[in-house]
Amino acid sequence: MISKWNVLPITSSNQDAEARLAGMFPKSRAIARLLVLRGITTREEVNRFFNPSLSQLPDPFLMRDMEKAVGRLNKALGAKEKVMVYGDYDVDGTTAVALVYRYLQNFYSNLVYYVPTRDDEGYGISKQSIDYAASIGVKLIIVLDCGIKAVDEIAYAKAQGIDFIVCDHHVPDEVLPDAAAILNPKLKDDKYPYKDLSGCGVGFKFMQAFSKSNGIGDLYGLDSLLDLLVVSIAADIVPITGENRVLAYYGLKRLNANPSVGLRSIIRLCGLSNREITISDIIFKIGPRINASGRMQSGLESVELLVTKDPSEAYEISKTIDQYNKDRKELDRQITEEANTIIEDHIQHIKDKRPIVIYNRQWHKGIIGIVASRIAELYFRPSVVLTYADDGIVIGSSRSVRGFDIYSAIKSTRDLLETFGGHTNAVGLSLKEENIGEFRRRLELYVEQHITLDQVTPQIDVDCELDFGEINSDFLKYLRQFNPFGPGNQKPVFVTRGVYDFGTSKLVGRNQEHIKFELVDSKSDNIMNGIAFNMHQYFDYIKQHKPFDICYTIEENKHRNSSSVQLQIKGIRIPADD
């Protein structure tokens, strides 16, 4: 399917800002455009963007209930109460547990940590976990990356003399749990200036406030835990803007220079040793391995890996987790194939703007979220994948397409649901098996009424047009400073029109499915190397030495003391496409 190339628009006011910034980059006019598209319109903002500093982090006490949270934690430590650090079983939750547990260990020893099992307890706070906490004398639970909707469970805990501090970043309901404190920048009346922290990020702000309130220092020792935080930011796909960008920047520095024992072991197994680790490496290699433990067995093993100081123990846990990831990949492949078969057999049902809702009783509960993501990407439709849990209850994971709020769509069916929660792009839910048909009907109706044709059309956002002659050393120097890339700060995409094969482009790959390019344009002598994956259908045209347009990202491949530039081709357009 040919994607629509969507050249990002510049407003008239932004044109003025672009003109003002252009003087800062006289040899790289495109840099000013890239900055303005990211909302950076003044010299001061440029300096902050290109020079991230931990001093830019907002005061944690701007978050509602932070004073209460710190006060309750200090009370627990003063009274020598047993404190449990509790988190979700995914990457965000397990890194959050590890960060808070490891930091508090510096000052207090009466600590335990807990991660619920996906199969037995499910997402969030379980009564089983509260009973366990009561049995070992826990008086305070710090819950991370979940808990914002646990009204009944926290009331149950309170009746047993257990207080909760909720550190969450998911969308809250109107009714909040009766906790000692709730830390969530998405609360309606919360004045914290940055709303898109990960769950681990909220835990980090809590520890920052704890440190500050006790006169230890604003960030005392917390910089050593930023490797955990960047893993959560990347794996949870939160925006890498504002505060998250600063935290990710320093987290990557830590991950590359001196990662914790557990993460170093995972890095070794991923084959990432002795090379620069990026956000993409976390998303596609490190994160899935940490996640596999919670998907296939128990997230507790991931926390054990992330808190251990013993390299031998870390390596043994890493090997176990790596095997979980291999098992997860096989299940993922199998279930995705089965899901695609179901969809292709009913392809007429998803015409126009309908979402995809599929159900199979046998599918593994830990894999359905991944499958929902793959289906949404393949068919460009909001997708819900359901499987059977027990006692007549079905659980599901949903994923959206860009710009469409799947949380609001799922919320519109809440009277049919047992539970639901998540973000605008991903929601978990449960419902009675008998309600699946009505849930599908109501969701289809909502989506058809609210989604736009653009949102179900494959698109490539293009930042600006570029001539090959503009890809010079100054341009590349500034482009590097846009890192780290991610949601809200995606790697820039460029278009160059009227390019030609230099004469040496060729097909590569096991089945000759990729094109390895050497390209020129008509405006410079630059010869650009490039790679286009799975675009072999254009090769015959290209070898006729006729002009065509490309959209691409710019990759720098580093080899010891040198580097080379390669264009990662995302789309090819020849005159017949127009």
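At what angle do helix α8 (residues 199-213) and helix α9 (residues 226-235) pack, and how far apart are their axes? In this predicted model, the two helices pack at an angle of about 150 degrees, and their axes are 8 Å apart. On the α8 side the residues that take part are Cys200, Gly201 and Phe204, and on the α9 side they meet Leu226, Leu228, Leu229 and Ser232. Sorted by class, this contact between α8 and α9 has five nonpolar and two polar residues, with no charged residues.

**The protein as a whole**

The secondary structure of the protein comes to 19 helices and 19 strands. Its radius of gyration is 25 Å, which agrees with the value near 25 Å that a compact globule of 578 residues would have. Taken along the principal axes, the box filled by the C-alpha atoms is roughly 75 × 55 × 50 Å. Of the 578 residues, 52% count as buried, while the accessible surface comes to about 25,400 Å², with 47% of that surface belonging to carbon and sulfur atoms. Among contacts between residues at least 6 apart in sequence, 68% join residues that are at least 24 apart.

| Residue | Relative accessible area | Class |
|---|---|---|
| Ser400 | 14% | buried |
| Gln297 | 48% | partly exposed |

Ser400 is found in the loop between β9 (393-399) and α16 (406-411). Because its relative accessible area is 14% and buried means under 20%, Ser400 counts as buried. A polar atom of the Ser400 side chain lies 2.7 Å from the backbone oxygen of Phe404. When neighbours within four places in sequence are left aside, Ser400 is in contact with Ala376, Pro382, Ile406, Thr424 and Asn425.

Gln297, for its part, belongs to the loop between α12 (279-296) and α13 (300-307). With a relative accessible area of 48%, Gln297 is partly exposed, since that class lies between the buried limit of 20% and the exposed limit of 50%. Not counting residues up to four places away in sequence, Gln297 touches Ala292 and Tyr324. Tyr89 stands 208 residues from Gln297 along the chain, and the C-alpha atoms of these two residues are separated by 9.9 Å.

Definitions and conventions
Residues are numbered from 1 along each chain as its sequence is written. This is a predicted model: local features need pLDDT of at least 70, side-chain atom pairs count only at pLDDT 80 or more; totals for chains, interfaces and linings use all residues. Side-chain values use heavy atoms; hydrogens and water are left out. Helices (H or I, at least four residues) and strands (E, at least two) are DSSP runs, numbered from the N terminus. Buried means under 20% relative accessible area, exposed over 50%, partly exposed in between (1.4 Å probe, protein chains only). A polar contact is a pair of N or O atoms within 3.5 Å; within protein, one must be able to donate a hydrogen and the other to accept it, and residues adjacent in sequence count only if both atoms are side-chain atoms. Contact means heavy atoms within 4.5 Å. Axes are lines fitted to C-alpha atoms, for helices over the stretch in contact, and angles run from 0 to 180 degrees between N-to-C directions. Ala, Val, Leu, Ile, Met, Phe, Trp, Tyr, Cys and Pro count as nonpolar, Asp, Glu, Lys and Arg as charged, and the others, Gly among them, as polar. The radius of gyration is taken over C-alpha atoms; the globule rule is 2.2 Å times the number of residues to the power 0.38. Accessible areas come from the Shrake-Rupley method with a 1.4 Å probe; for residues, only the protein chains shown count as cover.
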